[in-house]
Amino acid sequence: MTLSAPTTQQLPAIRLSNVYKSYGDHPVLKNIDASVARGEVVVICGPSGSGKSTLIRTINRLEEISSGSIVFDGQDIHASMPSKKLNLLRSSIGFVFQNFNLFPHLSVVENVSMSPVRVKGVAPDVAHDKALKLLDRVGLAEKANAYPGQLSGGQQQRVAIARALAMEPPVMLFDEPTSALDPEMVGEVLSVMKSLAAEGMTMLCVTHEMGFAHDVADLIWFIDAGEIIEKAPPEEFFKTPRHPRAQRFLADLR
Ligand code: ADP
Ligand code: MG
């Protein structure tokens with residue numbers, strides 16, 4: 001029998017090793033060791049201030065780390081690299097923010113087609129056609145020429161998802177994508193996320209939507225005081241959380 005090296009397909013999509021981050025002498029991420037397999041959906045949950053946003057932002061290098069490593073697609077994300085390469089890396093990992101972060105002066109279709117043209121050098125008409133298809137996919141074909149200010153929060157967030165998808169990211173990161181929405185708009189965003197998961201997208205989602213976590217996640221990471229203290233499939237996490245702090249967190253939600 002010969003042992004061959006793992007192929008790219010078998011390597012995790014993202015591997016965090018011994019990640020540590022502090023602001024001054026205040027540690028916000030400690031001993032983070034975790035990986036995300038291709039096609040896996042991970043939901044990150046935990047109390048406010050526990051480091052969820054910081055963690056997910058380090059994966060896209062929106063935040064620097066103090067030590068450790070984060071490897072995505074065989075690349076060390078926190079290695080020094082020219083800014084052009086960093087921009088490409090950033091935009092090839094989709095990121096959806098709580099507050100949408102659309103460009104207010106650009107139309108919806110321009111928001112979606114901009115990065116492929118600017119960062120990837122895709123021809124404008126090709127990017128435009130593709131943006132229309134993506135808008136159709138998130139149910140907003142008829143809003144292509146509207147401006148973000150003319151849309152509801154739920155619609156803006158679906159545009160933000162389409163904009164991230166336009167870069168054909170192998171991984172999508174979400175930081176509380178429904179927290180800024182009126183309750184009646186949460187469902188339309190979660191359903192787009194659900195369909196992405198069903199199509200096999202690798203996803204890391206910070207969310208307080210425990211119904212979504214229960215139904216869609218392969219794994220829950222529970223983070224408290226900067227440490228992932230529990231990783232478990234949802235059935236296990238919700239029924240029999242092992243860590244007392246996870247038990248308390250779940251009890252407080254009810
Ligand atoms: P969460 O998303 O779980 O609510 P955050 O990742 O936003 O938590 O924050 C984790 C901790 O890091 C908090 O104690 C927060 O006050 C601190 N923190 C976040 N950003 C900064 C910053 N730019 N400077 C100093 N402390 C920060
Ligand atoms: Mg946060």
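Arg 15 has Val 71 in strand 4 as its bridge partner. The model is predicted, so local features are given only at pLDDT of at least 70 and side-chain atom pairs count only at pLDDT 80 or more, while totals for chains, interfaces and linings use all residues. Residues are numbered from 1 along each chain as its sequence is written, and side-chain values use heavy atoms, with hydrogens and water left out. Helices (H or I, at least four residues) and strands (E, at least two) are DSSP runs, numbered from the N terminus.

**The sheet**

- Strand 1 (residues 14-23) pairs with strand 4 (residues 67-72) in the antiparallel sense, over five bridges; two strands pair if DSSP finds at least two bridges between them.
- Strand 4 also pairs with strand 5 (residues 75-76), in the antiparallel sense and over two bridges.
- Val 71 has Asp 76 in strand 5 as its bridge partner.
- The hairpin of strand 4 and strand 5 has two residues between the strands, and in this hairpin Asp 73 takes a positive phi near 55°.
- These strands belong to an open sheet of four strands in the order 2-1-4-5, with antiparallel pairing.
- Strand 2 (26-36) and strand 5 are the edge strands, each pairing on one side only.
- Helix 1 (residues 52-59) lies across strand 1, strand 2 and strand 4, and runs at about 125° to strand 1. Axes are lines fitted to C-alpha atoms, for helices over the stretch in contact, and angles run from 0 to 180 degrees between N-to-C directions.

**Helix 3 and its two partners**

- The axes of helix 3 (residues 108-120) and helix 4 (residues 124-137) come within 8 Å and cross at roughly 130°.
- Helix 3 and helix 4 are therefore oblique to each other; angles under 35 degrees count as roughly parallel, over 145 as roughly antiparallel, 65 to 115 as roughly perpendicular and the rest as oblique.
- The contact (heavy atoms within 4.5 Å) involves residues of helix 3 including Val 108, Val 112 and Pro 116, and residues of helix 4 including Ala 127, Ala 131 and Leu 135.
- Ala, Val, Leu, Ile, Met, Phe, Trp, Tyr, Cys and Pro count as nonpolar, Asp, Glu, Lys and Arg as charged, and the others, Gly among them, as polar.
- Helix 3 also packs with helix 5 (residues 153-165), at an angle of about 25° and with the axes 7 Å apart.
- Helix 3 and helix 5 are therefore roughly parallel to each other.
- Val 108, Asn 111 and Val 112 of helix 3 meet Val 159, Ala 162 and Arg 163 of helix 5.
- By class, the contact of helix 3 with helix 5 has four nonpolar residues, one polar and one charged.

**Helix 5 and helix 6**

- The axes of helix 5 and helix 6 (residues 183-198) come within 8 Å and cross at roughly 20°.
- This angle makes helix 5 roughly parallel to helix 6.
- Among the residues that meet here are Gly 153, Arg 158 and Leu 165 of helix 5, and Met 185, Glu 188 and Leu 196 of helix 6.
- Seven nonpolar, four polar and two charged residues form the contact of helix 5 with helix 6.

**The annotated span**

- An unreviewed UniProt entry carries the annotation "domain: ABC transporter" for residues 14-250; such annotations may be inferred rather than shown by experiment, and UniProt positions are given in the numbering used here, with feature names shortened.
- The end C-alpha atoms of residues 14-250 lie 27 Å apart, and the span is 39% helix and 25% strand.

How values were computed:
Chains are lettered from A and ligands numbered from 1 in the order in which they are written.
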